[in-house]
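Please read it beside the model.

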Amino acid sequence: MSDAIVPLRTNFAVFGGLMVLLLATVGLARFDLGRGNLIVAMTIAAIKALLVLLYFMHLKYSHRLTWVVAVAGIIWLSLLLLLTLSDFTSRGWIDVPGK
Amino acid sequence: MATTEAALILAPQFDDAEQQHDSDSLGMWVFLVTEVMFFGGLFAAYAVYRYLDFPAFVAASRRLSVTLGAINTAVLLTSSLTMALAVRAVQLGRRRELVYLLLATISLGAVFLGIKAYEYYDDYLHHLIPGSRFAFDGPFPARVEMFFVLYFFMTGLHAFHLIVGIIMVGIITFLAWRRRSVVQGTTQVELVGLYWHFIDLVWIFLYPMLYLVDIHR
């Protein structure tokens, strides 16, 4: 199952896609999109990461148990980031003495 | 590889080679998830400081070379391609091709480290390395210094992983070149490949986070 041989075409197509996305992220960073800059940069990075995960790391052809492990990693990282940021970004919303 | 297939050792706890292979692969993925959490702490610290000191991060990010960072990203993405092709070569039993592709991967990794070392040297010359000699003539020097603490910690930890990756790929290359049966089937090359791609994944996020903070200003 995980021994799938990825065709040459796919490998080069993924590589081409990654390069185009790299140029896109550098190019789009030159424009003032306000808060959109961060969203665009992180979305492009996430697409690049997904390409690497699915094709270079063979996740697309892997055992479903491998998917569970990979998704668990993403969920735990999201928890770490979301809970930490929800704390820092919401401080000062309510004026409490000694907060 | 056809020549080493016969020497494949099946550990007693596994039913067959496929189960052993899936298990080895799963173990590597679990390890990589622990690595995600390892880097995750730094990503969280970065997110908090970026939120608190955004103007300082914009000022600090401008001191990094967007071009060198982009070149390094391209170099690392190319090394991931050669690594993916190396995995393909070992699956097809092409030993010579495997060795060349692994050597290409190592070389690209070394180029990345070379460019990184040059960037560090440039930062040193401009007194951007945190510590008593740190100097920044723009606004919020202390907060800019914090950006550089994160920058050196994150890129340093990434570079350390890359050095480990180069050593591991080097060992596998040597074993494959000498036709050592230790490189059984495709598992070893696949697992070291997963590690290599993980290093690439980390950099994919580090590049926009460190080099591209509102560079349009």
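**Note on helix packing**

1. α3(A) passes α2(B) in a right-handed crossing (the near helix is turned clockwise from the far one by less than a right angle; left-handed if anticlockwise). Helices are DSSP runs of H or I with at least four residues, numbered from the N terminus. This is a predicted model, in which local features need pLDDT of at least 70, side-chain atom pairs count only at pLDDT 80 or more, and totals for chains, interfaces and linings use all residues. Residues are numbered from 1 along each chain as written, chains are lettered from A in the order written, and side-chain values use heavy atoms, without hydrogens and water.

2. Between chain B and chain A, about 4,100 Å² is buried, 78% of it from carbon and sulfur atoms (accessible area, 1.4 Å probe, lost on being put together, summed over both parts). In contact are 49 residues of chain B and 48 residues of chain A (heavy atoms within 4.5 Å).

3. Within chain B, helix α4 (residues 66–91) and helix α7 (residues 187–211) pack at about 165°, with axes 10 Å apart. α4(B) and α7(B) are therefore roughly antiparallel (over 145 degrees). The crossing of α4(B) past α7(B) is left-handed.

Key:
Axes are lines fitted to C-alpha atoms, for helices over the stretch in contact, and angles run from 0 to 180 degrees between N-to-C directions. Helices (H or I, at least four residues) and strands (E, at least two) are DSSP runs, numbered from the N terminus. Angles under 35 degrees count as roughly parallel, over 145 as roughly antiparallel, 65 to 115 as roughly perpendicular and the rest as oblique. Buried area is the accessible area (1.4 Å probe) that two parts lose on being put together, summed over both.
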